[in-house]
Structure formats: C-alpha cells, structure tokens
Amino acid sequence: MLVHVTDRAIDPGNLAAAFYRHHPDAAVTTFSGFVRDFNDAGQVDSLYLECYLEMATRVLTDLGNGAAQRFGLRAWQIVHRYGHLQPSDPIVFVATSADHRGEAFAACEFVMDTLKTDAPFWKREHYGEIGQWVTVKDIDKDRRDRWSEKDSDQ
Amino acid sequence: MTITVKFFSLIREAVATEQLTLEISENLLTVEALKAELSLRGEAWEEALSHPNLIQAVNQRVVFQEEGIKDGDEVAFFPPMTGG
C-alpha cells in the first residue's frame with residue numbers, strides 16, 4: 001500500500017524492512033518521525049492528531065506520485081498516524097527508492113517538507129489539563145517554499 | 001441542492017460542529033457565498049469563518065473562496081495544517 005493513514009500504532013522498523021524486501025533498488029531512503037516530548041513552552045505529555053481522512057489520503061497520494069515524477073523514483077511509501085499519541089510514538093514514515101542516492105534523499109525530504117504544511121492533519125499538544133493547537137512554524141513554511149523556488153529555477 | 005460541510009481543528013471547536021448536511025439555494029454558488037450564509041448563524045460562526053488564515057477545500061482540494069459549489073459537493077473549512 002503506497003499511502004496508509006491510520007489511527008493504529010505503526011512500526012517504522014517493520015515498514016522499512018518490508019519496503020527493502022519489496023523494492024531492492026540501488027538507493028533507498030527512509031524517514032521516521034516521532035512525537036516529541038517538548039515544545040517551545042515546555043513539556044508535552046500527549047498529542048492529539050486530527051485528520052481529514054479522505055483528503056489526507058488524496059493529498060498524500062498526489063504528493064507521492066508528484067515526487068516519483070519529479071525525482072524519477074522507482075518506488076515510494078507514505079504512512080501517517082492520526083488520533084491520540086504519546087511522546088516517542090512513531091507518527092510518520094516515508095520511504096523513497098531510486099537508482100541513485102541524490103534522488104532518493106531529495107525526494108524523501110521533498111515529501112516530508114510538503115507534507116508538514118499541505119496534508120490535512122492538525123496537532124494538539126497536551127500538558128496536564130492544558131491543550132493547545134500547534135501553529136505552523138516559519139521554518140516549516142520556508143522549507144516548503146524552497147521546493148517551489150527550485151521549481152522556478154528550472 | 002444538497003452539500004456537506006465539514007469543519008476541523010480550532011474551526012470545528014469554535015463553531016461546535018463537525019459536519020453539516022445543507023439544503024442550499026442555487027444562489028449560493030461559491031464558497032464565499034456559503035461562508036456569508038453560515039456566518040449568519042452567530043458571532044462564533046462569523047468570527048471563525050473570517051479567520052485570516054482560514055483554508056477552504058471543495059471535494060478534498062484546497063480552493064480559493066471564489067470556487068464554485070454544485071450539488072453533492074463536500075466543502076471543508078480548517079486552519080493551516082500541521083502534519084508530520
């Protein structure tokens with residue numbers, strides 16, 4: 001399955017092993033993201049990740065297909081959690097495979113940078129009884145915009 | 001015509017509504033017109049739907065508010081996304 005959006009726990013190790021087995025290509029990059037236990041204000045006890053499920057599946061599928069075309073990928077996979085998570089829980093897994101490492105690395109980074117701002121998920125961090133929606137960080141917008149600038153350079 | 005309207009994250013909380021099925025007049029041909037109609041439901045709605053960073057989607061694609069709406073469409077309102 002290329003895109004999987006789930007409220008069940010994911011295991012990046014198993015996902016990577018399965019991806020290597022099914023796609024024994026020359027260069028494979030994987031990225032795993034985990035829930036952090038801190039933010040700018042302090043400690044985070046838990047995270048609620050809201051999701052517009054139908055749209056998330058569509059956006060991530062378009063994103064993977066776009067990356068495959070842009071970087072000439074042989075294969076790719078995106079897995080994303082939603083629902084209630086604890087610090088250190090895996091939240092996202094991305095795998096890209098290509099003939100050379102440059103394309104595999106770049107595609108994986110492109111997918112993650114775009115996913116952060118374009119896929120319909122919303123994080124709400126909790127500390128004790130206090131919950132707060134996470135706002136978009138400038139660095140995330142900047143990282144996303146780099147890829148558009150690279151488009152216009154070409 | 002009948003449409004579905006969904007709300008997410010802090011917009012959902014502000015209007016205390018996850019989803020609506022609406023019978024709307026043929027005059028509400030754009031997302032902008034739908035926002036104006038929904039804003040009549042009260043101050044919380046008006047405030048939430050005039051949020052400067054509000055994003056709107058029609059049939060799971062992000063659109064400008066001038067986007068047209070037709071029978072059976074799914075419209076969604078939400079703040080900037082924070083995935084990954």
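Which residue is the bridge partner of Gln56(B) in S5(B)? It is Phe77(B). The report below places this pair in its chain and then turns to the partner chain.

This is a predicted model, in which local features need pLDDT of at least 70 and side-chain atom pairs count only at pLDDT 80 or more, while totals for chains, interfaces and linings use all residues. Residues are numbered from 1 along each chain as its sequence is written, and chains are lettered from A and ligands numbered from 1 in the order in which they are written.

**Confidence**

The pLDDT is the predictor's confidence in each residue, from 0 to 100. Chain B averages 95, and 100% of its residues score at least 70. Within chain B, confidence is lowest in helix H2 (residues 31-39), with a mean of 95, and highest in S5(B), at 98. For the complex, the predictor gives an ipTM of 0.94 and a pTM of 0.93.

**Chain B**

Helices (H or I, at least four residues) and strands (E, at least two) are DSSP runs, numbered from the N terminus. Chain B has 3 helices and 5 strands, in the order β-α-β-α-α-β-β-β from the N terminus on. Its C-alpha atoms fill a box of roughly 35 × 30 × 20 Å along the principal axes. The radius of gyration is taken over C-alpha atoms, and the globule rule is 2.2 Å times the number of residues to the power 0.38. A compact globule of 84 residues would have a value near 12 Å, so the 12 Å of chain B agrees. Of the 84 residues, 32% count as buried, that is, with 20 or more other C-beta atoms, placed from the backbone, within 10 Å of their own.

Two strands pair if DSSP finds at least two bridges between them.

| Strands | Sense | Bridges |
|---|---|---|
| S1(B) and S2(B) | antiparallel | 5 bridges |
| S1(B) and S5(B) | parallel | 4 bridges |
| S3(B) and S5(B) | antiparallel | 4 bridges |
| S3(B) and S4(B) | antiparallel | 3 bridges |

Thr2(B) has Glu23(B) as its bridge partner in S2(B), and Thr4(B) has Glu74(B) in S5(B). Val58(B) is bridged to Arg61(B) in S4(B). S3(B) and S4(B) form a hairpin with 2 residues between them, and Asn59(B) in the turn has a positive phi of about 50 degrees.

**Where the chains meet**

Two residues are in contact if their C-beta atoms, placed from the backbone, lie within 7 Å. By this rule, 14 residues of chain B are in contact with 21 residues of chain A. Helix H1 (9-15) and strand S5 (74-78) of chain B each supply at least two residues of the side that touches chain A.

**The sheet of chain A**

In chain A, 4 strands form an open sheet of mixed pairing, in the order S1-S6-S8-S2. Strands S1 (3-6) and S2 (27-34) of chain A stand at the edges with a single partner strand each, so one side of each is left without a neighbour in the sheet. S2(A) is joined to strand S8 (residues 90-98) of chain A by 8 bridges, and the two run antiparallel. In this pairing, Phe34(A) stands opposite Pro90(A) in S8(A).

Note on methods
A residue is buried if 20 or more other C-beta atoms lie within 10 Å of its own, exposed if 12 or fewer, and partly exposed in between; C-beta atoms are placed from the backbone.
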